[in-house]
Amino acid sequence: MKVVKFGGSSLADGPQFEKVISIMKADPERQVIITSAPGKRHDGDIKVTDLLIKYAKLTIKHANTSEILKQIFSRYQAIGAYFDLNETALAPILQALSELPNADYPDDDYLMAAFKAHGERLNARLMATVMNHLGMKARFVDPKEAGIIVSDEPNNAMVLPETYENLSHFNVDDAILVFPGFFGFTPAGQIATFSRGGSDIIGAIVARGLKADLYENFTDVDAIYAANPKLVDRPIAIHRMTYREMRELSYAGFSVFHDEAIIPAIQGDIPINVKNTNRPELPGTLIVPEKGFKPAQTITGVASSTRFAALYIHRYLLNKEVGFTLKLLQVFKKYNVSYEHMPSGIDDLTVIFDRTQFDEDTVHNMCHDIREALKPDTMEWIDDYAIIMVVGEGMRDKIGVIEQIIQPLAQHNIGVHMINQGASRISIMLGTRRADAEEAVKSIYNAFFSKETV
């Protein structure tokens, strides 16, 4: 059995729906489909999820919502019209959208989550309706029916363990099962969404819970590439990679596949195939367990992200002081801040953060408390920070890889602020200035892939 997820661009309009249905028909093992909300149909278009966010905000303000409601429904209506669905078939979608403002929500965060989730929820209902209209046996499966239970974080939920027990008892019959992506239900019965892009996560959760043989993730690119095609001209496609390579590269900016979606697949030992809805005949990228994997080249990919900031602390004899790091972590806890990495020396350490969790007041107040608690000789907050990730299973068995990475950076006058190699020896992380990040990716990519036979 294959679980198949389609992204928003793959379900943006009637012709894209038709492609998706053809893909499902082409392989009888494709028994489960996960839908995203309708994405952009063209440049300048608006995703349905963004329209629903606007709908939610207007509802919270008690403003007039009639125009935005029409705009959202028109997206589903246009898809239905492409398949000659009548008003009666589309009436449940309009009714669900109209009733959203009248439901009971614990607070505005849960209201927002419920509104956002309906992009996927209604698209899944529409897909099942269209399939049945075309003579295919399909049925909509709501996450509540399937027992997809998530934590009480309305817009950043995590799946709870009982979900997999519930799914293990779920009946997979001869109908195509149509699940909406992006959301589940809290133990109290409220809708809660995953982080943006969370349809990938639901796909992996369902694949693991139903013990699928393969999780196919269809998007709008032919494969995952060794570098961002916006930075590198025609980078090579990665045909096969490991779970942990994908995790490392997703973390640093590979946006084709949600990094958290790898976890359920790893736990269920389920291969993932990333493919293109518009060119389904291409092999795409297969993501597999590490066991038995044989790398084709030294590095698999290089990625960069500029979403980081760093805190540099210097104090003589820092390594001798018991509890120094504990005091620092207590300040982080006070401000509900998590850190990404903490490379250190005998007298200094650098703490790297995801910058998106801060505002200016938090930075100022947190740094003040750190100075009071630790009395550093030098402390500096660094906003101008980027991380470059160089990843490859082939790095473990090669000598001199760091030199090969650093040399092209030196040739392009790119300063390296930090080097950190993971214990697995399949990734090397570099810290640079944000302005240098793009050139760093190009230089490293060219150094490896222009010299190796792939």
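Which residues does Phe6 touch, not counting residues up to four places away in sequence? In this predicted model, Phe6 touches Leu11, Val20, Ile23, Met24, Ile33, Ile34, Thr35, Ser36, Phe218 and Thr277.

- An unreviewed UniProt entry lists Phe6 and Gly7 under "binding site", together with Lys5, Gly8, Thr219, Asp220 and Tyr225.
- Phe6 belongs to strand 1, which spans residues 2–6, and has a relative accessible area of 0%, so Phe6 counts as buried.
- Gly7 lies in the loop between strand 1 and helix 1 (14–26).
- Gly7 is likewise buried, at a relative accessible area of 8%, and touches Ser36 and Phe218 when residues up to four places away in sequence are not counted.

**Helix 12: extent and ends**

- Helix 12 comprises 15 residues (360–374) and reaches 21 Å from its first C-alpha to its last, close to the 21 Å expected at 1.5 Å a residue.
- The N-terminal end of helix 12 is capped by Asp359, a side-chain oxygen of which lies 3.2 Å from the backbone nitrogen of Asp361.
- Just after helix 12, Lys375 adopts a positive phi of about 50°.

**Helix 12: faces and packing**

- The buried residues of helix 12 are Thr362, Val363, Met366, Cys367, Asp369, Ile370 and Leu374.
- Viewed down the helix axis, these buried residues fall within an arc of 165° and therefore line one face of helix 12.
- An α-helix has 3.6 residues a turn, so residues three or four places apart point the same way.
- Strand 13 (301–314), helix 11 (324–334), strand 14 (348–354) and strand 15 (378–391) pack against the buried residues of helix 12.
- The face turned away from the buried side of helix 12 carries the exposed residues Glu360, Asp361 and His364.

Definitions and conventions: Residues are numbered from 1 along each chain as its sequence is written. This is a predicted model: local features need pLDDT of at least 70, side-chain atom pairs count only at pLDDT 80 or more; totals for chains, interfaces and linings use all residues. Side-chain values use heavy atoms; hydrogens and water are left out. Helices (H or I, at least four residues) and strands (E, at least two) are DSSP runs, numbered from the N terminus. The expected span of a helix is 1.5 Å times one less than its number of residues. Buried means under 20% relative accessible area, exposed over 50%, partly exposed in between (1.4 Å probe, protein chains only). The arc is that of the directions from the helix axis to the C-beta atoms. Contact means heavy atoms within 4.5 Å. A polar contact is a pair of N or O atoms within 3.5 Å; within protein, one must be able to donate a hydrogen and the other to accept it, and residues adjacent in sequence count only if both atoms are side-chain atoms. UniProt positions are given in the numbering used here, feature names are shortened, and annotations may be inferred rather than shown by experiment.
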